[in-house]
Number of protein chains: 2
Amino acid sequence: MSSEQVIWARPTRGARGPQPTHTREDLTAAAVRLADAEGIDAVTIRRVAAELGAAPTALYRYVSRKDELFELMMDAVAGEADPPEHSGDWRADLRLLAEHHRATALRHPWLAQVAPGRATLGPNTLRWLEFSSGVFDGHPLSADEILLNLDMVTAFIGGHVLQELGEVDIARRTGVDHERWLAAQGAYGESIITGGEYPFLTRIMIEAQAPHAHDRLERNFRLGLERILDGIATGLTS
Amino acid sequence: MSSEQVIWARPTRGARGPQPTHTREDLTAAAVRLADAEGIDAVTIRRVAAELGAAPTALYRYVSRKDELFELMMDAVAGEADPPEHSGDWRADLRLLAEHHRATALRHPWLAQVAPGRATLGPNTLRWLEFSSGVFDGHPLSADEILLNLDMVTAFIGGHVLQELGEVDIARRTGVDHERWLAAQGAYGESIITGGEYPFLTRIMIEAQAPHAHDRLERNFRLGLERILDGIATGLTS
DNA sequence: GCCAACTGTGAACGATGTGCGCAATAAAAT
DNA sequence: ATTTTATTGCGCACATCGTTCACAGTTGGC
């Protein structure tokens, strides 16, 4: 029954036995290093164990399922930066929150593959949750209104990062940058354009082959975020 | 070299040999059925083959990697509804797009686990892409501006659906609804509240235990979407 | 000093994705 | 009509994966 507890509630080591050779942080760091370097699929129990110089089964003394290792990883990257004190300017605070989430997600592309349906409540995650929860302190908003605003921002962040990662992934698989990814799909990409079945899509794709593609996504992120903040602002004054 | 082509560019059957026992649609339907019923992890080559009454290795005559089966699945659910003609009202069209994407994502929760980093260009996906591309037809917007607007909407949709699925998942794992999920985490959930380290978060959590939780997410989706559409509207008139 | 709790590990199990070769089949070439 | 050739289904096999279990060694509380 104590073993079915959340990992954050389990003691980091037993009170009795020999002192552990490794720490949770060791496992986590090795796993994150592997995922960053070779993708999430490289994070296997055996590989992580090898990285630590331990037997595969040794990991199960620190983690009860592989999922928990992912939870540790998620909270670890959330802790790569600490949330600051509230500035008193909710716009600035939300902007900072957005940049932080985007940055860590882009720095660790495996996050998007691991996070869906695996919300965790590690200490670092909690600190950022606390930061967002208090962003509107001083404003007369109900909890529901606060949640609505936070929902919008975090939804936009998460969704946009997903798109960015998608394009990065396409670039990685095809070996070319965004401007030519259509053509890079070979005959199929050509057929989409020449077929004439998708005029609107074709027009956008061709026009979007402009030379500013490298920072297009980043600009879109900033611009979209500001518009969403605008939307929140109108809700605040009314 | 023809085998390294995108699946959508490969012929559905060879020109020479015996006629295939199954079709791509058969595989796809079986896989989707499995994923809907038992989660994405139930979609194994062997299980899908069994569902079809075929040997596991037979699937590799229709699909060159398991990833391609996922691509087929993604496009199949995108085709559960056809995009309508443009109404001339971009707001209505974007609203419809949002509802469609949200509905299919909630109907097939495995989509969120499969889609990240696996953008595909099947015929159904292309039709929806064409629909969104033409939403602003008649308005004097550059391709970049159109992309910016679409980015915002689809980012919000994707991100919000991710959140909704996350909460659904928590409810599934803990067996309780959202209002009590904190308490359901046992001693750890209690400690977050009683510890006093996260006052803002605690306040929101307690206040959010209101009786309207069941449609909170849906309402948030609609409200947030309207605000984003507002943001787009201001960009259109200026 | 004893006992109970805890640690690391080797062996093992069932399951997974996938490559290879072979027999059967159907269309194209002769 | 017969041969050739591409293509299909499948049995076998392999490497790898997550995870269980029993066991030997290690520590702290009594």
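A helix here is a DSSP run of H or I that is at least four residues long, with numbering from the N terminus. With that in hand, welcome to this predicted model, shown in a set of close-up views.

**View 1. Helix α2 of chain A at DNA strand D.** Helix α2 (residues 45-52) of chain A supplies three residues, the largest share of the surface near DNA strand D. Sorted by class, the surface near DNA strand D holds 10 nonpolar, nine polar and eight charged residues.

**View 2. The surroundings of DNA strand C.** The surface near DNA strand C is made up of 10 nonpolar, nine polar and eight charged residues.

**View 3. Chain A by itself.** Take a moment to trace chain A, which has 11 helices and zero strands. Its pattern along the sequence reads α-α-α-α-α-α-α-α-α-α-α. Of the 238 residues in chain A, 35% are buried. Among the contacts in chain A with a separation of 6 or more, 68% join residues 24 or more positions apart.

**View 4. Where chain A meets chain B.** The contact draws 53 residues from chain A and 53 residues from chain B. On the chain A side, the elements that each give two or more residues are α5 (111-114), α6 (123-133), α7 (143-174), α9 (187-195), α10 (199-207) and α11 (216-237). Which of them gives the most to the side of chain A that touches chain B? That is α7(A), with 20 residues. By class, the side of chain A that touches chain B comprises 29 nonpolar, 16 polar and eight charged residues.

**View 5. Two copies and an axis.** Chain A can be superposed on chain B by a rotation of 180 degrees with 0.0 Å of shift along its axis, giving an RMSD of 0.1 Å. The two copies are therefore related as by a two-fold rotation axis. Both copies use the same surface, since 100% of the contact residues of chain A recur in chain B.

**View 6. Helix α6 of chain A crossing helix α10 of chain B.** Zoom in on one helix pair: the axes of α6(A) and helix α10 (residues 199-207) of chain B come within 7 Å and cross at roughly 70 degrees. Angles of 65 to 115 degrees count as roughly perpendicular, so α6(A) is roughly perpendicular to α10(B). From α6(A), the residues making this contact are A:L129, A:E130 and A:S133, and from α10(B) they are B:F200, B:L201 and B:I204. These residues divide into four nonpolar, one polar and one charged.

**View 7. A closer look at B:D144.** This residue, B:D144, sits in helix α7 (residues 143-174) of chain B. B:D144 counts as partly exposed because it has 16 C-beta neighbours inside 10 Å. How far apart in space are B:D144 and B:R219, C-alpha to C-alpha? The two residues are 30 Å apart in space and 75 residues apart in sequence.

Key. Residues are numbered from 1 along each chain as its sequence is written. Chains are lettered from A and ligands numbered from 1 in the order in which they are written. This is a predicted model: local features need pLDDT of at least 70, side-chain atom pairs count only at pLDDT 80 or more; totals for chains, interfaces and linings use all residues. Ala, Val, Leu, Ile, Met, Phe, Trp, Tyr, Cys and Pro count as nonpolar, Asp, Glu, Lys and Arg as charged, and the others, Gly among them, as polar. Two residues are in contact if their C-beta atoms, placed from the backbone, lie within 7 Å. Copies are superposed by least squares on the C-alpha atoms of residues with pLDDT of at least 70 in both. Axes are lines fitted to C-alpha atoms, for helices over the stretch in contact, and angles run from 0 to 180 degrees between N-to-C directions. Angles under 35 degrees count as roughly parallel, over 145 as roughly antiparallel, 65 to 115 as roughly perpendicular and the rest as oblique. A residue is buried if 20 or more other C-beta atoms lie within 10 Å of its own, exposed if 12 or fewer, and partly exposed in between; C-beta atoms are placed from the backbone.
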